[in-house]
Amino acid sequence: MRVLLIGSGAREHALLLGLARDSEVTDIHIANGNAGTDAAPAGSHATVTRHSVVETSRSGCVALAQDIQPDLVIIGPEAPLVRGVADALRKAGFNVFGPNKDAARIEGSKAFAKDVMKAAGVRTAHAEIISADSEGVAAPSDAVIDEALDHFGPIWVVKDDGLAAGKGVVVTDDRKKALAHVNEVLDAGNPVLLESYLDGPEISLFCLVDGETVVPLLPAQDHKRAYDNDEGPNTGGMGAYCPLPWLPEGSVERIVKEVCEPVAKEMVKRGCPYSGLLYAGLAWGKEGPAVVEFNCRFGDPETQAVLSLLKTPLGQLLYSVATGTLVDQPPLEWEDGSAVVVVLAAENYPAEPRKGDIIMGIEKLEKKHPAAVLHAGTARDKDGNYVSNGGRILGVVGKGSDLTAARAQAYKYLDRIDLDGGFSRRDIGQKAEEGKIFIPK
């Protein structure tokens, strides 16, 4: 099987490693990749070739696919999906893993997602939209904004209704900060979504969806705040772990039944059936799971932890979704134990991260443990050194018989890498390990 993988982050590196373990995958073409995706890991029979393309260009991605002639195209990031790259590739005759433009609105428009959930009877936060007038010219008045903020609190959840790479949300008990984010989003020309705050621990559940067929992966938990103890600004994710030792038996089945299957059926009903990966971000409160958000692709960094435990051949699995045969697939197989991924971020992330610093220790760690280091914002300098080239630089994965062992392994690996000014959270999965996460009763 020849695969074209579009994307350049740690999520795509994790997908590449998973594909490289699949005996049916012979050729992996990645566009655009990063410094860690130049080759398949040791022991894989697959070849890896990097290409350059504008990921949101429909014509560019189609031209690349026509040159490569892949059996399967996997689109990693949300932006090309929302802009219809999957549609163009399907029209050109390729099997694509990733939803079409209409279905990708589940992430591209939070207002659309709310409407789908309402029609499907799925629990979610109460929400109101603040936007410009119908011509998109006149901004709402201060009085309109203040009145809308009065409907929420004492914790405000303010979301950018467009794509924001996981960083368009502010959750705060400070009304002034909430107001500032409202104005920031409006100034950028996007509508604002105000939501009621959902209490309870958060869960990330990835589901493979093929029309009305829904197959869940392992549940995970992300850590969004930049610093330990959930302090600091919101980020794209500083680490994750899976599975969730505090989640009661049968919880995944309940989420699928109450959330993912109703949404999949509603999408079919609307004429935009879903095909690809549906990410459900949920909070589990006293009344059960409620949706915080949906994504139309594998979430980062949870993907890195989840896929590290998958035993089912990844290429064949994603191919079944792309070709409409997911319903015929046998149950997924998983390694026993736990996985933890810890993100190494550049100085000043998530604001204006510093770039160009040499990253020490990667080669030695990769040589012994090729699946332990997942590249995100990396590049090579003229001397061949790995250097920082983004905000989140690496994801370091540890696995073990339980969460304690996996955490210890992840931080052991992380401590072998050095980046001037770089930082990581030291508490990824710690509350779960210590038994301090509870579902409200």
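These legends describe close-up views of one predicted model. Residues are numbered from 1 along each chain as its sequence is written, and side-chain values use heavy atoms, without hydrogens or water. Local features need pLDDT of at least 70 and side-chain atom pairs 80 or more, while totals for chains, interfaces and linings use all residues.

**View A. Helix α1 is largely enclosed by the rest of the structure.** Of its 11 residues (10-20), 11 are buried. Among them are Arg11, Glu12 and His13. Buried means under 20% relative accessible area, exposed over 50%, and partly exposed in between (1.4 Å probe, protein chains only). Helices (H or I, at least four residues) and strands (E, at least two) are DSSP runs, numbered from the N terminus.

**View B. Tyr241 sits in strand β14 (residues 239-242).** Tyr241 is buried, at 0% relative accessible area. Residues touching Tyr241 include His223, Trp246 and Leu403, leaving out those up to four places away in sequence. Contact means heavy atoms within 4.5 Å. The C-alpha atoms of Tyr241 and His223 are 9.1 Å apart.

**View C. Asp38 and Arg50 form a salt bridge.** Their closest N and O atoms are 2.9 Å apart. Asp38 lies in the loop between β2 and β3, and Arg50 in strand β3. A salt bridge is a side-chain nitrogen of Lys or Arg within 4 Å of a carboxyl oxygen of Asp or Glu. The structure holds 27 salt bridges.

**View D. Asp420 pairs with Arg354 in a salt bridge.** The N to O distance is 3.1 Å. Both residues lie in loops, so the pair ties together parts 66 residues apart in sequence. Asp420 is exposed at 51% relative accessibility, and Arg354 is partly exposed at 32%.
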